Amino acid sequence: MDELERRLHGLAQEDGAWLVRVRRDLHRHPEPAWAEYRTAALAAQTLEECGFAVRVGEEALLPQARPRRLSPDSVRGEQARAAGQGTAARWLERMPDGLTGLWGDLRLGAPADADGGDDDEGPLIAFRFDMDANAGIRECREADHAPAAEGFASCRDDAMHACGHDGHVAIGLGLARLLAAMRPELEARFRGRIRLIFQPAEEEGEGAPGMVAAGAVDGVSRLFGLHLSMQAGDSGTLVCGTTHFLATTNFEVFFDGRAAHAGLAPQEGRNALLAACTACTALLGIARHGEGASRINVGEMRGGEAPNAIPAHAWFRGETRGENSDINGFMMAEVRRMVQGAARMHGCTARLLCQSYCPGASSHPELTALVGRVAEEMGGFTRILPSAEFRASEDCCWFMNKVEEDGGQAVYLQLGADRPSGHHTPRFTFDESVLPRGVELLARLALASLARHEG
Ligand SMILES: [Zn+2]
């Protein structure tokens, strides 16, 4: 280990208590999609203090590229809630209408030669962290659940950090502090820019497209995404590169029929609930695709008005997934056809809305190999797995695909962390002792990706 690596390791370890404090504070104050005001303000404030040039609000997230926004009432409610939880007004003002994405750039070293016509700034290396909590999950309050026992369980009943994004934000901010603390030493040896991206609304797959449209990864030569636990499982395990992210579409369908008295004149009705049920069973019978995995789910349905009236309205929502965008496209084409067929069968009409779409992606093999080499050198891992198939969806794919389209490389790594319960369950929490290791690994990956100063 050279002097720089020793410093890096020492600083990451020294920050362990700070990382735990931040993670617990975020865990106690979870914010679901498009309501991440307090989290985003903490991230922006920390990045600014660390010397990063920060972009927030419309500068970091194009409003018209968002697939969904909260109602004005919800926005006001969440802003007031965040203000009540100590979020500074100057950040809230810069994040109007749920525009809670941000990124910060740290420049290392001056451009190679300012007057010699060489304006090479060095590479732009980006890291992406998601910030949102899970809506609709009430955290366990029993004494054998560590966050409850130690007083940092969710302060609200309608959301909790059940996926580890609180840990992702803590790692991202720890990385900012580490790079800032070492800036003079780094500037003597490296040249380039490091960008830390904090993304809202991952859980519904909605946050990334607006940030990509605002230029979050324009010019990025290497992008690193990260998730705690997931397929990496236990503390000590690292998955270097994730492959087989599924493309996915979220949709909802509105069925309209005609009401009628269920006893006197049922023949005059057009049963929208029946049309929805017919469509639902048809969708679950969509043929599998011979060229790769596919999924279909109808997860929520409502319909009807009264027990003695033919239902005039029904609604459901669901999702398709596919091993690639073509297979997901096949699934959605089938959904459209069957929904319309079922509606016609029962004399109803149907309107299908796509709420969000997320493409598939895979990690770049070369960058995956770099993660493996850097992790080996760093040491401290008990198991380093070259890759794992995700078999689920992640809107980090928007960033990954854009970087690769532009000729860069992207990788999504998974850092193992012991957990007593699965992701998205009320008893989810994770082993915080892995946080410094995450910070150190990302810092090493940043250095391995920057240009070296000549001479
Ligand atoms: Zn997650």
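Which side chains, glutamate 323 and which partner, meet in a salt bridge at 3.5 Å, N to O? The partner is arginine 391. A salt bridge here is a side-chain nitrogen of Lys or Arg within 4 Å of a carboxyl oxygen of Asp or Glu.

This is a predicted model: local features need pLDDT of at least 70, side-chain atom pairs count only at pLDDT 80 or more, and totals for chains, interfaces and linings use all residues. Residues are numbered from 1 along each chain as its sequence is written, and side-chain values use heavy atoms, with hydrogens and water left out.

Start with the layout. The protein chain splits into domain 1 (3-245 + 360-452) and domain 2 (247-358). These bounds come from an automatic or database domain assignment. The domain centres, taken over C-alpha atoms, are 37 Å apart.

Now the interface. Domain 1 puts 14 residues in contact with twelve residues of domain 2; contact means heavy atoms within 4.5 Å. The area buried between the domains is about 910 Å², and carbon and sulfur atoms give 44% of it. Buried area is the accessible area (1.4 Å probe) that two parts lose on being put together, summed over both. One salt bridge crosses between domain 1 and domain 2.

Next, the metal. Cys163 (SG), His165 (NE2) and His227 (NE2) coordinate the zinc ion at 2.2 to 2.3 Å. Donors are N, O and S atoms within 2.8 Å of the metal (3.2 Å for Na, K and Ca); water is not among the atoms, so sites may look incomplete. Along the chain, the zinc donors follow the spacing C-x1-H-x61-H. Cysteine 163 lies in the loop between strand E5 (159-160) and helix H7 (165-181), and histidine 227 in strand E7 (residues 220-228), so the pair ties together parts 64 residues apart in sequence. Helices (H or I, at least four residues) and strands (E, at least two) are DSSP runs, numbered from the N terminus.
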